[in-house]
Amino acid sequence: MAKRVAVIGAGHAGLVSIKCCLDEGLEPVCFESSVDIGGLRRFKETHEAERTSIYRSLVANTSKEMMCFSDLPMPDHPPNHMHNSPLLQHPRPYAEHFGLLKHIQLKTKVSSVRQRPDFSTSGQWDVVTVNRDGRDEKHVFDGVLVCTGQYTQPNKPLSDFKGVDTFPGIILHSWDYRDPDLYHGKRVVIVGIGNSGVDIAVELSRVCEKVFLSTRTGAWVIGRLSNRGHPVDLVLVKRNVDLMFRLLPQSLLNWIGERMLNQKYDHKFYGLQPKHGFFNRRPIINDDLPGRILMGALVMKPNLQKIQDSTVVFDDGTAEEKIDAVILCTGYNYAFPFLPTSLNSGPDGELTLYKRIFPPSLERPTLAIMGLFQPNGAIMPAVELQARWATRVIAGLNHLPSNRKMHEIIEKERRANLKCYACPKEAVLQVNYIPYLDFMAKEVGVRPNIVWLLLSDPALGLRVLFGPCTPYQFRLRGPGHWSGARQAILTVWERVAKPMKTRPIPDPKSSSLLYWLGVAGGAAVIVIIMVKQKKIPFFLRINYIETALFGQKRLG
């Protein structure tokens, strides 16, 4: 009899988890509390407690080729960096193609997940859900995959700001922000320089009287465009680049990266420069921030110190008066209230996880957390590999190290991350993208053998090594092999170019030839006119004509 697995949440992580369960012969039952699939990408006019929330104008920071499902590429016609609305349409074809919808129970909330009395031998879980009619239902599952995400509990550090109770305006978290309609002509302070903080600050700067972006640390800011206007992740997230990062000293890499970035706009000049090196933390991605600062619509400020009525005072002693709203872009406190509190065993009360997936304290590895990490790359392909590995562990096809070994690895990675991230709860979430993907891929048995590919299929091997590290690379071999993976890798740039071809462009070769013919003809005409007007000495006329036409002077 197939093992039954509870999948909590029907966003991207939940859908790939359902499919991975089916691939490994497991029986998934997915519980989704909302009215439809989609998770984080589903925009709602009003927020719902304990659910993820996004703003209307959200555009993906990762390009479609880097964030798609590994065995179902996105269509070639959507833009490379997609707005939230069309991006939300991708999960449904995936769910329909692989027959996932019949395994999903909508409007069903999970209220409790607990080990059964015989957990040490069975590894089973008692799961309590609340159905659409409000009735409790009890279930027994052999495994649990938690796919509810990490952006459900907004962090509101109001106690950090003295005088907050005296503020007559609006104070809200970015979790509550939807669009700029309420802020026309207002003076607004944004606290926090993460991706959401910068996006909201830039958007509001187009309608507000003035926007002030307050940051404690500063940040390195890059755009979505790289060399020749190509998506930056397609240019930087490559295996050969990752190899270079492993071989060269971090200080040298930071020196090179910072100088290249400052050639575009000097971060010190714009008030953005942070204390940390460029590659020590994930950069902020935004295309418009420097321009808004240059125009004066957005003003960089240091950390917010206190509030006095409608005046906001910053750490450097400067103050801004007549502030109408303060928006806190201060991150989230991830929480899973339905899980046993005993799993929160980290030094700072955080959820301790081996490779950001498995709680090492469990006697049986039959529970896994999906998507609770922060990579320097696209999160979706990493979540998919998490699901592929976790379902094989639950099915008994893969095994984890000993409890002691797992704790040693967790502590080693935590200490390494604390060198760059001062906040312990933030430090434990960080993963290096390609090494993390390759580790999980090796566990599953799908890591690309680059040497073999270079010898047996050089065209493919070169694309895998020097091209973007796309999700298709992990479908070339092993469990879950997809016959279309090779072609998908070879045609990446065709799909990237497709949405850009919106008008006919002259052939570069013919246009270049016409250009030089025009130059030569124009030069000849000018010389002839000058000869007729006797502005060139007679003994030089022939030489000038020959030089203009043939690029050489007459000898003798």
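Start by selecting T470, which sits in the loop between α16 (458-466) and α17 (485-490). The model on screen is a predicted one. T470 is buried, at a relative accessible area of 1%. Display what surrounds T470: setting aside residues up to four places away in sequence, it touches E65, M66, I489 and V492. For a sense of scale, pick the C-alpha atoms of T470 and F245; they are separated by 18 Å, and the two residues are 225 residues apart along the chain.

Next, select N398, in the loop between α11 (379-394) and α12 (403-418). N398 is buried as well, since its relative accessible area is 10%, and the cut-off for buried is under 20%. What does the side chain of N398 meet? It makes a polar contact of 2.8 Å with the side chain of R392, and one of its polar atoms lies 2.6 Å from the backbone oxygen of E443. Beyond its neighbours within four places in sequence, N398 is in contact with W389, R392, V393, E443 and V444.

In soluble globular proteins, nonpolar side chains tend to be buried together.

Centre the view on F358. Not counting residues up to four places away in sequence, F358 touches T352, L353, L367, A368, W389, A390, V393 and L400.

**An enclosed helix**

Now select α6, residues 195-204. Eight of its ten residues are buried, so this helix is largely enclosed by the rest of the structure.

**A three-stranded sheet**

Move to the strands β4, β5 and β6. They form an open sheet in the order β4-β5-β6, with antiparallel pairing. Its edge strands are β4 (109-115) and β6 (136-141), each of which pairs on one side only. From one strand to the next, the twist averages 20 degrees. Strand β5 (residues 125-130) pairs with β6 over six bridges, in the antiparallel sense. To follow one of these, select D126, whose bridge partner in β6 is V140.

**Salt bridges**

Stay on D126 and show its side chain, which meets that of R116 in a salt bridge (2.9 Å, N to O). D126 lies in strand β5 and R116 in the loop between β4 and α5 (119-122), so the pair ties together parts that are ten residues apart in sequence. Both residues are partly exposed: D126 has a relative accessible area of 26%, and R116 is at 28%. Side chains of opposite charge can pair when their charged atoms come close.

The structure holds 25 salt bridges. For another, select D438 and R239, whose side chains meet at 2.7 Å, N to O. This pair links distant parts of the chain, with D438 in helix α14 (residues 433-444) and R239 in helix α8 (residues 239-247), 199 residues apart. Are these two residues buried or exposed? Both D438 and R239 are buried.

Remain on α8 and select R246 and D242. Their side chains form a salt bridge (2.9 Å, N to O). Because R246 and D242 are four residues apart in helix α8, they are separated by about one helical turn. R246 is exposed, with a relative accessible area of 51%, whereas D242 is buried, at 17%.

For the last stop, select K19, D23, D71, E384 and R475 together. These residues are linked in a network of salt bridges.

How values were computed: Residues numbered from 1 in each chain as written. Predicted model: local features only at pLDDT ≥ 70, side-chain atom pairs only at ≥ 80, totals over all residues. Heavy atoms only, no water. Pairing = 2+ DSSP bridges. Helix = DSSP H or I, 4+ residues; strand = E, 2+ residues; numbered from the N terminus. Axes fitted to C-alpha atoms, helices over the stretch in contact; angles between N-to-C directions. Buried < 20%, exposed > 50% of the residue type's maximum accessible area, 1.4 Å probe, protein only. Polar contact = N/O pair within 3.5 Å; in protein donor to acceptor, adjacent residues only side chain to side chain. Contact = heavy atoms within 4.5 Å. Salt bridge = Lys/Arg side-chain N within 4 Å of Asp/Glu carboxyl O.
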